[in-house]
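Look at the model below before reading on. The text goes through the sheet, the helices beside it and the cores in turn.

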Amino acid sequence: MPVDTEALNSAYQDVRDDNSSTEWAAFEYDSSNCIVVCKTGDNYSDAIQLAEDSNRLYFFVRVKTGDDLSVRNKFAFICWIGERVSPLKKAKMSTDKAEVKRVIQNFAKEMLCSERSELAYDKIQAEVRKAGGANYGSGQ
């Protein structure tokens with residue numbers, strides 16, 4: 001599976017950069033079935049709009065976690081498979097994902113989603129928090 005490694009890596013590093021406002025990157029299949037950068041942005045709700053019943057996407061998302069005393073960024077890797085994607089293309093994503101993960105290597109949570117409601121920021125954030133273990137607050 002061809003992957004535009006250089007472009008994916010650039011988008012990945014941009015999301016990971018604390019000095020960047022970019023909060024997410026989306027990767028899609030182009031007409032030749034190469035995985036390329038679809039879009040990046042600083043408003044996660046824009047990313048959700050890309051997810052359609054008929055497409056396959058990979059998302060890399062910055063998520064704010066922590067507690068009252070320590071806020072930090074963690075990351076989620078999300079595979080989106082729309083409900084109307086053919087069974088063959090759904091199956092192919094499992095092997096293609098390995099190629100994407102050669103570039104997208106550091107994340108706290110990997111998720112597979114097929115309904116837009118699963119992509120809600122609060123749901124992603126809750127999953128990342130759960131994956132992180134203890135979450136101490138001030139008790140207030």
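The model described here is predicted.

Five strands make up an open sheet with mixed pairing, and their order across it is β2-β1-β3-β4-β5. At the edges are β2 (35-41) and β5 (109-113), each of which pairs on one side only. From one strand to the next, the twist averages 25 degrees.

Within this sheet, strand β1 (residues 24-29) and strand β3 (residues 56-66) run antiparallel and are joined by five bridges. For Ala-25, the bridge partner in β3 is Phe-60. Helix α3 (residues 87-100) packs on the sheet and touches β1, β2, β3, β4 (71-81) and β5. The direction of helix α3 makes about 55 degrees with that of β3. Helix α4 (residues 121-132) also packs on the sheet, where it touches β3, β4 and β5, and its direction makes about 65 degrees with that of β3.

Return now to Asp-96. Is this residue buried or exposed? Asp-96 has a relative accessibility of 1%, so it counts as buried, the limit being under 20%. Its side chain makes a polar contact, at 2.7 Å, with the side chain of Tyr-29.

Strand β1 also holds Ala-26. Ala-26 counts as buried because its relative accessible area is 0%. Leaving aside neighbours within four places in sequence, Ala-26 is in contact with Val-36, Val-37, Cys-38, Lys-39, Leu-50, Tyr-58 and Phe-59. Ala-51 is 25 residues from Ala-26 in sequence, and their C-alpha atoms are 9.7 Å apart in space.

In soluble globular proteins, nonpolar side chains tend to be buried together. The largest nonpolar core here has 20 residues, and those with the most contacts inside it are Leu-8, Phe-27, Ile-35, Tyr-58, Phe-60, Val-100 and Ile-104. At least two residues of this core come from each of α1 (5-16), β1, β3, β4 and α3. Ile-104, with neighbours within four places in sequence left aside, is in contact with Leu-8, Tyr-12, Phe-27, Phe-60 and Phe-77. Another core, of 19 residues, lies apart from the largest one and includes Leu-50, Phe-59, Ile-78 and Trp-80.

Conventions
Residues are numbered from 1 along each chain as its sequence is written. This is a predicted model: local features need pLDDT of at least 70, side-chain atom pairs count only at pLDDT 80 or more; totals for chains, interfaces and linings use all residues. Side-chain values use heavy atoms; hydrogens and water are left out. Two strands pair if DSSP finds at least two bridges between them. Helices (H or I, at least four residues) and strands (E, at least two) are DSSP runs, numbered from the N terminus. Axes are lines fitted to C-alpha atoms, for helices over the stretch in contact, and angles run from 0 to 180 degrees between N-to-C directions. Contact means heavy atoms within 4.5 Å. Buried means under 20% relative accessible area, exposed over 50%, partly exposed in between (1.4 Å probe, protein chains only). A polar contact is a pair of N or O atoms within 3.5 Å; within protein, one must be able to donate a hydrogen and the other to accept it, and residues adjacent in sequence count only if both atoms are side-chain atoms. A nonpolar core is a set of buried Ala, Val, Leu, Ile, Met, Phe, Trp, Tyr and Cys residues joined through side-chain atoms within 4.5 Å.
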